[in-house]
Amino acid sequence: MRHGATLPTLNREAVFSAATTEGKLAAAQLYVAASAWGTGPSPQGVVRRIRPLTPDPARFDTWIRDALDVLHSEGPVAAYRLLNNAGHIKHLGPAFFTKVLYFAGYRSDRPGLRPLIMDQYVVKELNRRCNFRWRSTGWSTDQYEQYLVWTHDCAQGYGVEPDAVEYELFCAGKRPDG
């Protein structure tokens, strides 16, 4: 790459596109795309996001694929429950596995709640707005479900998409004064 050249940007549309990829290791590829999008250019963050893939990317792909099967058949709360409990993947917490669920299932025609990203910034703002007292990491399945219901209700009340509410929570929670 020549000096001064602009690096390509990984945006939400590119990750949604990765969610439609099929074939060998497609679920792992979705995780990589969602993680790169969520991490940004931080070298330390990139190294941390690779850890769940090692030592066996094929096994990781199977675990994610199983969670996505649950997402499409039973919904985001059941998929969260799986990844947060019996199907937990070492070094993969809710802040990043909810990114995978979001990109794999948000645009689905499945009725009911749609998956949303839940991270420390979203929770920080939920705590402020809703007077929750949730920890900054490690949320239960019940907390994820409560977050989805609240967000979907809020979105309906304002006539916007639920992911617009999630994004507003994220931005507000990320502000130093938030």
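Does Glu166 count as buried or exposed, and what is its relative accessibility? In this predicted model, Glu166 counts as buried, because its relative accessibility is 2% and buried means under 20%.

**View 1. Arg12 and Glu166 are joined by a salt bridge between their side chains.** The N to O distance in this pair is 3.8 Å. Arg12 belongs to helix 1 (residues 12-18) and Glu166 to helix 9 (residues 162-174), so the pair ties together parts that are 154 residues apart in sequence. Side chains of opposite charge can pair when their charged atoms come close.

**View 2. Arg114 and Glu161 form a salt bridge between two loops.** The closest N and O atoms of the two residues are 2.7 Å apart. Glu161 sits in the loop between helix 8 (141-158) and helix 9, whereas Arg114 sits in the loop between helix 6 (94-105) and helix 7 (120-130), and the pair thus links distant parts of the chain, 47 residues apart. Glu161 counts as partly exposed, with a relative accessibility of 39%, and Arg114 also counts as partly exposed, at 21% relative accessibility.

**View 3. Arg129 and Glu168 are paired in a salt bridge that belongs to a network.** The side chains of Arg129 and Glu168 meet with an N to O distance of 3.0 Å. Arg129 lies in helix 7 and Glu168 in helix 9, 39 residues apart, and the pair links these distant parts of the chain. Arg129 is partly exposed, with a relative accessible area of 38%, and Glu168 is likewise partly exposed, with 37%. The network of salt bridges links Glu125, Arg128, Arg129 and Glu168, and the count for the model comes to seven salt bridges.

**View 4. Helix 4 packs with helix 5.** Helix 4 covers residues 57-74 and helix 5 covers residues 76-84, and the two pack at an angle of about 155°, with their axes 7 Å apart. Angles over 145 degrees count as roughly antiparallel, and helix 4 and helix 5 are therefore roughly antiparallel to each other. Their crossing is right-handed. On the helix 4 side, the residues that meet helix 5 are Ile64, Asp66, Ala67, Val70, Leu71 and Glu74, while Pro76, Ala78, Ala79, Leu82 and Leu83 make the contact from helix 5. Sorted by class, this contact of helix 4 with helix 5 has nine nonpolar, no polar and two charged residues.

Definitions and conventions:
Residues are numbered from 1 along each chain as its sequence is written. This is a predicted model: local features need pLDDT of at least 70, side-chain atom pairs count only at pLDDT 80 or more; totals for chains, interfaces and linings use all residues. Side-chain values use heavy atoms; hydrogens and water are left out. Axes are lines fitted to C-alpha atoms, for helices over the stretch in contact, and angles run from 0 to 180 degrees between N-to-C directions. Helices (H or I, at least four residues) and strands (E, at least two) are DSSP runs, numbered from the N terminus. Angles under 35 degrees count as roughly parallel, over 145 as roughly antiparallel, 65 to 115 as roughly perpendicular and the rest as oblique. A crossing is left-handed if the near helix is turned anticlockwise from the far one by less than a right angle, and right-handed if clockwise. Contact means heavy atoms within 4.5 Å. Ala, Val, Leu, Ile, Met, Phe, Trp, Tyr, Cys and Pro count as nonpolar, Asp, Glu, Lys and Arg as charged, and the others, Gly among them, as polar. A salt bridge is a side-chain nitrogen of Lys or Arg within 4 Å of a carboxyl oxygen of Asp or Glu. Buried means under 20% relative accessible area, exposed over 50%, partly exposed in between (1.4 Å probe, protein chains only).
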